[in-house]
Structure formats: structure tokens, C-alpha cells
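Colleague: Could you take me through this structure? I would like to ask about several parts of it in turn.
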Amino acid sequence: VRSCVEPQIEEDYQAVNVDLQTDATLQVDISDALSERDKVKFTVHTKSTLPNFKQNEFSVVRQHEEFIWLHDSFVENEEYAGYIIPPAPPRPDFDASREKLQKLGEGEGSMTKEEFTKMKQELEAEYLAIFKKTVAMHEVFLCRVAAHPVLRKDMNFHVFLEYNQDLSVRGKNKREKMEDFFKNVVKSADGVLVAGVKDVDDFFEHEKTFLLEYHNRVKDASSKSDRMIRSHKSAADDINRIASTLYTLGTQDSTDVCKFFLKVSELFEKTRKIEARVAADEDLKLADLLKYYLRESQAAKDLLYRRGRALVDYENANKALDKARAKNKDVLQAETSQQVCCQKFEKISESAKQELIDFKTRRVAAFRKNLVELAELELKHAKGNLQLLQSCVGVLKGDT
Amino acid sequence: MQLDEEIEDKFELNISITNPEKVGDGMNAYMAYKVSTQTTLPMFRSKTFTVRRRFSDFLGLYEKLSDKHTLNGYIVPPPPEKSIMGMTKVKVGKEDNSSAEFVERRRAALERYLQRVVFHPSLLQDPDVRECVCVCALSGAGFLKMINRATDSLSKMTIKMNESDVWFEEKLQEVEAEDQQLRKLHIMVDSLVGHRKELSVNTGGFAKSVAMLGSSEDNTALSRALSQLAEVEDKMEQLHQEQAASDSFCFAELLADYIRLLGSVRASFDQRMKTWQRWQDAQNMLQKKRETEAKLLWANKPDKLQQAKDDITEWEAKVTQYERDFDRVSATVRKEVLRFEKEKARDFKKQIIKYLESLLQSQQQLIKYWEAFLPEAKAIA
């Protein structure tokens, strides 16, 4: 499956980060993508006037693991401790869709040719939609990096964009995965420890309280929105099947009642397309928005934890310095260590403050754009549905 | 029996079933319904009257009508289904949504059933029908018999008929094909009802969740917009719930009714085949009797000959009678099927238009809610 990346979906994802100006110095997008059996190949296309690139315009092919490698390299880089690291795109997941297509193939014998073709088209459209979404999500990640004043200069980022060979970042082997697992356990234990310490700075104290609660609520809203949209899709599927059966009833004869069934079948065909569109738009404007801010709020929390860690280190260095001075032993060493911790902490605090303010601005703007668009689309579809129903009822009443 | 046009054009007849009331307590309790009739038909003594009836009364009516009229080829409308589960909940006093829904569904189904019966010009003539709507006590009330009628069981007719009239064969095939499709459709509509109910519940869950999100959002305008969104979704929960009820009452119930009615149609075809078989059997018997006579003549047994001659006369009469019966029943079945098809067309059109109108109203509501929300979303700064 090849995607001609639909500009609408790209735009929808750009909307999640509205401050992404088209900056002439560095423009990144995913110009093409190819879905093979178990992997997706993204064509990352760059346009840049920066001197460090060999050309002004170039493309490379990247897979999902390479995006993760890039993201992780940001997270592990101490220099970027004071920034909200743009959340990594989720792994392309076609399992559910593939399973459905397979089930359909197995059940081919039990349905009519029309039903089979119809269902196949539906599932293929679903597959394509998932595909386009994953492309958009990977693109948004790159755009966020490119828009960030510091991250856009990162060496690994430039290699990612320019190096036209495989980066060989093969999936982590078992040992590395175990190490990661333990690192995360330690981090979260740390996180609890750090979160418990009340911050002297009001701004950060407020942010900490806010983010902890907000993140949990976004998580809940995200999962509930998914559930709601799934029910909506199921209902639309039912209407599709009802339309087909009404059609079969309508073609059995040419009596009045059969003609009636045909008209109603046609109506349901059209209304269910609209219903499916409503569910898809809700998915895009609401569910995906919530999912994205779930990931970003986590990234913001991570920033706070890193700052909290640096604060703890700073406080420990202070205590060590006092002890050293009291014993008058290794004072210089303690002083240097304390200064390093102090600088690190202050540097993180400074950039973190700005990052968190920017995060708020982005969030409010993204919610505004998506909620307005959601409302407009709901209205558009409801009006479309209404018109279809009104004209059909008018015709049917006139016939009687 | 030529009252169809007369009834429709000259006289009024309106029947409704309302006011379900629980009578008694515990497992002996039952629901009594008010049956109200308003009519200008001369066969009734008053213009308006009401009686109270219970479900078993309607079942009793069906039994009586079926006993009398099915064998003549009439399509006797079947009553609503019994439901031990549904009724037990009501008896036990479980006052929840599902038992209220059950009672309403039953009330509506009984109303449709009774209307079908009285609007059948031949059945209306039956005194039992009149007794059901305007006499106080109906005999046989108070027990539910296990009905084993042709409508309940798909009787496998093993009679192979030499169909002289291809109309009947084609019609039966049509009926069977339609039955299959209606059953399929019913399953799908049930599925839709289920998913809409699910959607309603999930929308409610989402609404609460958005309200929570809004209250923790620290941008004031966004916080307000989110709580407005929560209100919209709350209203949507209600809307989906109502829509599911409409799916069920307007659409699913209609299909269920007609699946049962098609059973009655099949029964009338079966009945015709039975009368054909009886005629054939009589012809065979007549043939045997003639052979017996021939044998006796040949064997020269004059004393038994008179008996044989009497037998032949008897069976000749029977053959004539049964042939007439078969013709009469065939004609009735044919007329009944045509009447049924007309009624079905009218019913489906009416109900489905009603259903579409409910969908229409839903969309109108939807538009109102989102139009109210849009300025709130735009006000986010």
C-alpha cells in the first residue's frame, strides 16, 4: 500500500502543533510511504538553506525504529534535559486491520458477492486510514523537532535527515530491553520521590500539581473517546448491513413495497457513509488530539522529573559541601561539584519554564482549532444527514 | 364476507391498548391492559367502550380464532411472544428500565395484534373478537397453555402436491425467501440497537471524563469550552438512547411482527395442502370402493354388493365435498394472501416512514446542540 499523503490529514496533525511556522531554513515532511508486510518505509524529505547540509533538498528512507532511535537519543542527552522532548510517534499497528481482512477472507463463502466486495472495500479504506494516520504522526514528530530552536541543530537529527543509508538501529536486543525496563522502574521510583518534595518555586509547584492531574484526566478522556468512537463505527457498520439486506428484499420483485425497500436501502447507504465519516472525524479531531496531549503531557512530566532530579542532586551537593567545610576536607572538590549541580539545575529551570509556558500556549491553540473544527464537521454532517432524510421521507410520503 | 371496503370507507373503528397496571403481587401477579374502542360499526351496541384484559386473554383469543379459521385458509394474526423472563421481572417488582421497556413493548405489540385482528373483515365477524373488546369477563382467563400451533412450529409438510395452479407454488417460495431476509434483517437491527445503547453508555462515560478534564484545565476559556463539550456529549447520550428505543420499537418490532405473521401465512398454505390431501385420499378411497364393487360383482356375492354400492355413494359425495372444500380454501388463501400483501405494504411504509422521521428529529436535535457549542469553542483564547 502506497500513500499519497492526504494533505487534509497532514494539516490535522499540524493543527496539534500550531506554532509550526513554515521556516525556510529547515522544512521537513514525509513525502511518501510504503507499507510492506511487517514494516512501513517513510520517505523523509528535507528542504534547507542551512550550510551544514550538502544539498538544499534531499530525501532518505526511514523506518519506525529509526524515529525511536532519534527520540531516545534526545531523551538520553543531558544537554536537552531542560526541554520537553517531542513525544515519539506510536508504532504503526495494522494488526487489528490485518486480522479483520483475514477473517473476511475466511468468511467469503458465507456471504454474497456484493456483501463481500462491500466489506472488503470498507476494510481496505480502514487500512488506508490507519496508514495515513501513522504517516502523519511520524511527520508531526519531525516537524516538532525541526521547529524547536535547539533540537533542530542536533547532530543526530541531521544524520537522520541526510544519511542515505540504513542507520542500523536494529531493534533493541533482549539485554538492552531489560536494562530499559529497570531504568524505567528506577525513574518512576525516583519520580515518586521527587514529586513528594515540595518545590520552593511557586510556578513549578503549580505546574507539577497541574500536570499530574491533567495527565491522568487526559488519559481517561482518551480511552473513553476511543470506546465511544468504536461503538459509533459499529453502529455505522450495522446500518451498512441493513442497507444491503433491504436491497436484497427490494430486488425480489417489482411491487410497490419492493420499490420502497430499494429507496430506503439507498437512503441508508448514504446516511451510513455520513455516520462513518462522523466517527472518523471524531477520531481525528478528538481522539487523536487527546492521545497526542497524553503523550506530550507525559513528556512535560518527564521534564519536571529531570528538573526534580537535578534539584535533589543540587541539594545533596550543598549538604556535601557543608560537610566538607565542617571537616575541612576536599572542600575545593565539593565546591566545584556544587557549582556544577547549581548551574545544571538553573539551566534546566530556566528553559523548563519557557517550555512549559509554550506547551500551554500550544495546547490551548490546538484544542481551540480542533474543537472548532469538530463542531463545524458535526454540523456539516448532521445537516447532510438531515437533508437526505427529509428528501427521502418527502419522496416516500408522496408515493403512498 | 365482503365487508372490506365497507369497513374502510363507511365506518370508523379505532382500537387502542393503554394503561398497563399491575394486579396482585408476587408470582401470581399479572399486567392488566385497558382496551378502548371507538366505533360507528352497527354490530356494536355502543359507540365507545373499554374493557380490561390481560395477556392470556389475547392468547386465548388467538387459540379460538386459529381453531375456527385456519382450516379454512384464513391467515390468523399471531399474538405477541410469551416471555417468561420479562414477565417474571415485572411480577417480582423489579422497577427498572428494562422491565418498563418490556411492558411498553408488550403493550404496543398487543395493540398492533388486536388492530390486525379487528381490521380483518372476516375475523371481525367472529363473536369471540367482539367478546374480547366489549364484554367484561372472558372465559379461559388465568392460565397460559403451551401453544403448539402451526405458527410456532415450522411444520415440515411432506405432502408432495401436484400443483395445478403455479401461483401458489411461486407465492410460497416468495414467502419463504422473504421470511429468510426478514429474519436476517431483524438480527441486524437488533445488533444496531445493541450498538446504539453501547454508544449511549460510552458517550455518557466520555462526557463525564471531559468534564473532569475541563475542571483541571487551567486556561479559563478552554476549561469552560470543555465543560460545554461535556454537556453536549451528555445530551448526545440521551439522544442515542432515544434513537436506540426508536430502532427497537419502530423497526425491530415491525420485523418481529412480520416474521410471526409470515408463519401464519405459511400455516394457511399448509392448510390448503391438507385439504388437497384429504381430497386425494378420498379419491383413492373411492377408487378402492369401486374396485371392491367390481370384485364382488365378479365373485357374485349379492349380499355384500349393496354395502359396496352404499360405500361408493358415500365416497362420491365426499370426493365432491372435499374438492369443493379445496377450491374454497384455495380461493380464501389466495384472497387472504393478497389482502396480507396490501396490509404489509401499508404497514411497512407507515412504520418505516415513522422511523425515518425519528432519525430526522435526532439530526435536528444534534444540529441544535452543536450550534450552541460552536461559539464556545471559538471563544477559546
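Modeller: Gladly. Please keep in mind that this is a predicted model. A search of the whole structure finds 26 aromatic pairs over all chains.

Colleague: Could we look at one of them? How are the rings of Phe67(A) and Phe141(A) placed?

Modeller: Their centres are 6.5 Å apart and their planes stand at 55°.

Colleague: Where do Phe67(A) and Phe141(A) lie in the chain?

Modeller: Phe67(A) is in helix H2 of chain A, residues 64–76, and Phe141(A) is in helix H4 of chain A, residues 113–147. The two are 74 residues apart, and the pair links distant parts of the chain.

Colleague: Is Phe67(A) buried or exposed?

Modeller: Phe67(A) has 0% relative accessibility, so it counts as buried. Phe141(A) has a relative accessible area of 1% and is buried as well.

Colleague: Which pair crosses between chains?

Modeller: Phe268(A) and Phe251(B) form such a pair. Their rings are 6.5 Å apart, centre to centre, with 50° between the planes, and the pair is tilted. Phe268(A) belongs to helix H8 of chain A, while Phe251(B) belongs to helix H7 of chain B, residues 220–299. Both Phe268(A) and Phe251(B) are buried.

Colleague: And which residues form one aromatic cluster?

Modeller: The cluster consists of Phe260(A), Phe261(A), Tyr258(B), Phe340(B) and Phe348(B).

Colleague: A change of topic: the helices. At roughly what angle do the axes of H7 and H8 of chain A cross?

Modeller: Helix H7 of chain A (residues 202–250) and helix H8 of chain A (residues 256–327) cross at roughly 165°, and their axes come within 7 Å. H7(A) is therefore roughly antiparallel to H8(A), since angles over 145 degrees count that way. The crossing of H7(A) past H8(A) is left-handed.

Colleague: What kinds of residues make up the contact of H7(A) with H8(A)?

Modeller: The contact comprises 30 nonpolar, 10 polar and 13 charged residues.

Colleague: How do H7 and H8 of chain B cross?

Modeller: The axes of H7(B) and helix H8 of chain B, residues 302–378, cross at roughly 170° and come within 8 Å. That angle makes H7(B) roughly antiparallel to H8(B). The residues of their contact divide into 41 nonpolar, 11 polar and 20 charged.

Colleague: How many helices and strands are there in chain B?

Modeller: Chain B has eight helices and three strands. Along the sequence, the pattern is α-β-β-β-α-α-α-α-α-α-α. Chain B has 381 residues, of which 50% count as buried.

Colleague: And what does the secondary structure of chain A come to?

Modeller: Chain A has nine helices and four strands. From the N terminus on, its elements run β-α-β-β-β-α-α-α-α-α-α-α-α. Of its 400 residues, 48% count as buried.

Colleague: Now the backbone. Which residue of chain A has a positive phi although it is not a glycine?

Modeller: Asp330(A) is such a residue, with a phi of about 50°. This deserves a remark because most residues other than glycine have a negative phi. Asp330(A) lies in the loop between H8 and helix H9 (331–399) of chain A.

Colleague: What about Asn19(B): where is its place?

Modeller: Asn19(B) is in strand S1 of chain B, residues 13–23. Asn19(B) also has a positive phi of about 50° and is not a glycine. Its relative accessibility is 40%, so Asn19(B) counts as partly exposed.

Colleague: One last point. How far apart in space are Ser191(B) and Ala308(B)?

Modeller: They are 66 Å apart, C-alpha to C-alpha, and 117 residues apart in sequence. Ser191(B) lies in helix H6 of chain B, residues 166–216. At 25% relative accessibility, Ser191(B) counts as partly exposed.

Key. Residues are numbered from 1 along each chain as its sequence is written. Chains are lettered from A and ligands numbered from 1 in the order in which they are written. This is a predicted model: local features need pLDDT of at least 70, side-chain atom pairs count only at pLDDT 80 or more; totals for chains, interfaces and linings use all residues. Side-chain values use heavy atoms; hydrogens and water are left out. Axes are lines fitted to C-alpha atoms, for helices over the stretch in contact, and angles run from 0 to 180 degrees between N-to-C directions. Angles under 35 degrees count as roughly parallel, over 145 as roughly antiparallel, 65 to 115 as roughly perpendicular and the rest as oblique. A crossing is left-handed if the near helix is turned anticlockwise from the far one by less than a right angle, and right-handed if clockwise. Ala, Val, Leu, Ile, Met, Phe, Trp, Tyr, Cys and Pro count as nonpolar, Asp, Glu, Lys and Arg as charged, and the others, Gly among them, as polar. Rings of Phe, Tyr and Trp (its six-membered ring) pair if their centres lie within 6.5 Å; planes under 30 degrees apart count as stacked, over 60 as edge-to-face and the rest as tilted. Buried means under 20% relative accessible area, exposed over 50%, partly exposed in between (1.4 Å probe, protein chains only).
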